[in-house]
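The tour goes stop by stop.

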Amino acid sequence: MMLILQVFIMTLVGTVLSCVLACLPGLHVYNLMGLIVMFIYWLAARGIELSPESYLPFMVGMVVGWSILNTIPSILLGAPDESAIFTVLPGQKYLMFGRGYEGTMITGVGSLAGVFLLVFIIGPLAPKYLPVIKKILSPYMAFIIWVIITYILMSEWPKGGNTGPAGWAKFRDAWKSLGAGLFTFFLSGIMGFILMYRSPVSTEVAFQNIMPAFVGLFAVPWCLLNIISGADVPKQYISKSMEIDGAVVLRSTAAGGLGGGFAAFFPVITGGIGGLLAGHATAQRDERVFIMSQGVSKVMYYTGAFLFFFVPGLGLTRGGGAWIIKGLYTPRSFYEYYMMLGAVAIAGAVSFLMMSPLTRWVIKLMERYNYRYVSIGALAIIVVLVFLVVGGVGLFIMIVGAGIGLIPVLFASRRLNCLGILLLPIACNMSGFGHIIAGWLGLL
Amino acid sequence: MKGISHFISGVAAASFFPFAVHEAANGNPLYFVLGGAFGILPDTLDFKFYRFFYKHDIYIEPDPLRPDPQKIADQLAEAVAKAAEQDEMVKVKLSTIRLGADYWQQYVVRFDPDTQEVLVRFGPVVNTGQVPVPNSEQEENNVGRAKLAMPIVQTYDATTRVDIFDGPTFGFEKDEQGEIVLHFLPWHREWSHSFTMGALCAVLGGLIWGWGALFVIMAGYSVHVIEDQLGFMGSNLFFPFTKKRSQGVHIMRSGDALPNFTTVWVSCLLIFWNLYRFTPDLPYSFSFFHVALYGAIIPMGLYAIALHILSRRDDEEEVEIDMADEWGDSKMS
Amino acid sequence: MTNKTLPGHDKQPDDITCASCGRFVGALTRCPHCGARVHKRMSVRACRYAAILLGTVGLFLLYLMSINKDIPIIKVSEITPMMNFAYVRIIGEVVSDPRIYRSGDRVESMRFEVSDGTGDIMVQAYRDIAQGLLAAGKIPRMGDNVEVIGSLNVSEERMTLRLQSEVQLSINHVELPVTSIGALTPSTDGAVLIEGLITSVKEPRPNSRAPWAITVQDAGGEIEVSFWESTYADILERAQLEAGMPVRIRGSVSSYKGTVRLRLASALDIEFPKSIKGGDEIEFTAPAEMETIMIDEISADRKGDVVETEGQVVEVVPPSREKMPWNVVLEDGDARVTLVYWDKVASFLQDRPPQKGDRLQVRGEISTYKDEVQLKVERADHMRVLNRSASAVAKPMAKGRKTRLADITDAMKGSICTVTGVLGDSRTISGGIVYRLSDDSSQMDVVLWDRQMPPGLRDTLAPGLPVEITGKVGDFKGVLQLVPRQEKDIRILDDGGDS
């Protein structure tokens, strides 16, 4: 009984902490988890050993809470993480029409549906079916990644070339954004090779190798743009109901579940890619379904990937959370699996309950403080965090990443191209020629 | 169909070739990438290349400061009159009306064969997400109307909405019955959507990557051409031996959710099944019926039942976000 | 169009509308409507190009920084989970035999343990990198000193170093002194080197997962040496793996039920020297003479008995497809029995495969297949040709007899052939070189072992050179090849057809 109470309390603590921290723009749960793991090692070095029943539910609470509540800064402060970049466009429309609260809550309902999907459908079925699927697909992961890269690069739509007579000038105008997108993918891919083969990050914190680059690619450009543009946000209304029904929830759950689940199961595929694929594949025309499905997708991706690490007999390590925890703990049985499923359910419920008050709180904050100052504050937090975890070299990597991350933003191409940092080197490695390219680059 | 449907269909087509699966298992993704890339290539050629070089006879570019629906209607009627006087197709480009960084004036063009008229109606101002700006619709002088010189034959939708990014193209061509046939996007699904172009790509691919690529490219490309016949537009199947686009079978529209999702999902199941059956020494044994049952019939059935129950009381019209461009991509990037 | 100001337009900057005609131009510097030049504030354009500059120059600096950073040498005991993915260098000694994992013909991975004195770490190479290591002969052996560079993978239960390229493994092979077999005890630690004569070869049954076991004898005693089928497949000179052959083996000592054994980890750890020190002193025990029974005494009642018999070969049926056995019908008077053996046995028959007309002495297990009694032969040395038929001797595959490549078949495995053709491309393999030989009928690989051919021979051979080669027909992974044994087996022909 005491054990159950301990799990419950630790889940609660982790959830509440991450819910509050999730409201800070630019802060990623994996950075926080990295800090916490460093703290656990620091304690262990001083003879204080924490039991898995303490830190595992705490971590689950962190992941679930963040994946649900991070919608708030994504929509209200325009500071999305990589997985939320699709939510933002429709989400910001809600914001600009004063319906930011409603947009956030709709995404929150999607997140709750995602938790239901995980606990009641994926959870019971995963130990039986996922190992079969993994066994069949594991020899083919390389081609799956390459196929997705091909789709990402080929499916971007030209933004220019809409006016004027036919000819090269029109073509050049149209290809400006596409070219910028390809260039971004190429640059971030090279950066990925450098960081994976010869990272300048100190070996002592190598587990956060890629973190400063990710922060630079995704978080910093948004903060900088917000600071530069300094857009005024209209007054936000707190609505008492949402313009959704059961059918919308069901359709969102199906679309988001597919995208997020896909991203959680396959290596290197992030929530952003899952969201893109699900959005295209399900061809959703209803904006509410679109926004809500992104909430489902985000929970499925972050929480699902973390949960899959604990599925008995699966042996799957996906997502930054699972990789961080892998050094600390190896799951062994259904004991942990049920514990984690329970923690997911509790954390999901608590997070959703906290969504409304925290959204109101952030809206009040926005009314009181200038949007530009909030962005400056967010940028400051990011810089301090990167410096604390990775040191000065981390800041340098972050700045380079920001330079690359700004290209798609300024040229109106897909920010998803920044994921070349993971996709390109890992796909090359999986196909067996990553080391050859690294050799050409002089990284070996 | 949408880009992803064509793409994944091409990948699924590649998965039917045992050599492609065998190579993929050894880390070589070439054949699957070729299947997907050439599955989507016909649209890539049209939308990313050809349309920027396609010359129009008439450019209708409404003035953002003084947009006038009657002027647009008159220009369209002039184009029809011009087509009536010549044997060549008259190609007309309708431009979008950009009002600001994120605002566009929406307008709808409708050809009415019964009254032999073209109607242009100005709608609301929309943002790039095609969401109308409240109270932005003009209440007066928002409809233009012009009489057409000859009867018109619709081959696509009765109305065409023009709002964000690029505007549509119409082709007006006189037929043997003395009517004007209206071609929607005459630059689309022409040479690029033909089996002959597919064969040419396949031969070139075969010369570069070997005979395996030849089959995969042809399969991926052909699947695209065949899938496009399900819609309203069809394509020019054997360019240059055939000169006109075939009529589609009118089963679906390119942006419809259900056929697109069904295509994607069935393709995924076929890929999974092919990977399974071409992988040696797997400890599992199941049939395609099992894959279909657990992968499609049961989940789709449950979903359909749940959706039916949940939708019974809800007869409200959906608020649409139209992603009806060929790629459904306009709000995704 | 509405006359009301659109949301946000009241605060819209001037430089996104044309100063000349008032229409929206966005980021364009020339108005598409009236052609007037639109002057932009620097910040927007500067941001674009600054981003590109920052991204590319910054990336280049990051690259320079990375390639100029020394890869740190770390001690195994200092590795913590926070070092996951770190790119490090470890210097130490190999403390386990390398294990090579295969899936079919494909190498999946290779792994071995390294100790640097503070702890052990598993070093792993996957797929192409493992394959590259094998191809380059970079297989560390227990006791070797190595320097490995790779990325760390640390989990709660174990830590591994993953090689990212074959160039990241440097091996300093440590030559071991020859140890007398008699000196080996269960407590003998690490790797040892023995020299002796092979006294028996125990081949695993077809489709069995049992290892190969050979017995090696030196002046001090004898020891069983075991290795897996995959290792056997990698032994390039495996044709010499037969009783009576001198052998030098490096392996690790293990014991089973008190008996000391030697485990061979890699095919490179077995060599076949022409002679060994003190080889003459070894008392080699030849296999016992076989006791013969009559063929008509072989019946289904004796199923499972191992018997010896003798008779005339009346028919030789090669396998019709993969995994099927060879069938040899033996006749003695009116009685007949079918001998069955698989490719593994056939490959050891070398230059004495049973042929029609041969008088054959054979030992095998009586079994039945589809109600027919047959004799299952498990080892090549259980078949002995007592009297080779005249017709067989006169066949064209007799030693030195010229033949065309297309006429060389599976049935000729082990026989000596002479072929005239043109050398094609070559590829280096561990311990030798392979040339593609072609004549007007077909193509075949010719394998030249370094230990059998003088070093200068490679320099005289080149693609396009006409040659006459005499060699033994063998096969490697089911593909026939020709193996000359000495330099004089290769004659370089001039244009007239002779040297």
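This is a predicted model: local features need pLDDT of at least 70, side-chain atom pairs count only at pLDDT 80 or more; totals for chains, interfaces and linings use all residues.

Residues are numbered from 1 along each chain as its sequence is written, with chains lettered from A and ligands numbered from 1 in the order in which they are written.

**Chain A**

Select 100-137 and 334-368: helices H6(A) and H14(A). Helices (H or I, at least four residues) and strands (E, at least two) are DSSP runs, numbered from the N terminus. The two helices pack at about 180°, axes 10 Å apart. Axes are lines fitted to C-alpha atoms, for helices over the stretch in contact, and angles run from 0 to 180 degrees between N-to-C directions. H6(A) and H14(A) are therefore roughly antiparallel (an angle over 145 degrees).

Now show A:Gly108, A:Leu112 and A:Val115, among the H6(A) residues that meet H14(A). On the H14(A) side, include A:Gly348 and A:Phe352. Contact means C-beta atoms, placed from the backbone, within 7 Å.

**Chain B**

Color 3-51 + 192-285 as domain 1 and 58-184 as domain 2. These bounds come from an automatic or database domain assignment. The C-alpha centres of the two domains lie 34 Å apart.

**Chain C**

Select 306-317 and 326-332: strands S14(C) and S15(C), antiparallel over five bridges. Pairing requires at least two DSSP bridges. Find C:Gln312 opposite C:Glu331.

Finish at the hairpin, with two residues between the strands, where C:Gly333 has a positive phi near 65°.

Note on methods:
Angles under 35 degrees count as roughly parallel, over 145 as roughly antiparallel, 65 to 115 as roughly perpendicular and the rest as oblique. Two residues are in contact if their C-beta atoms, placed from the backbone, lie within 7 Å.
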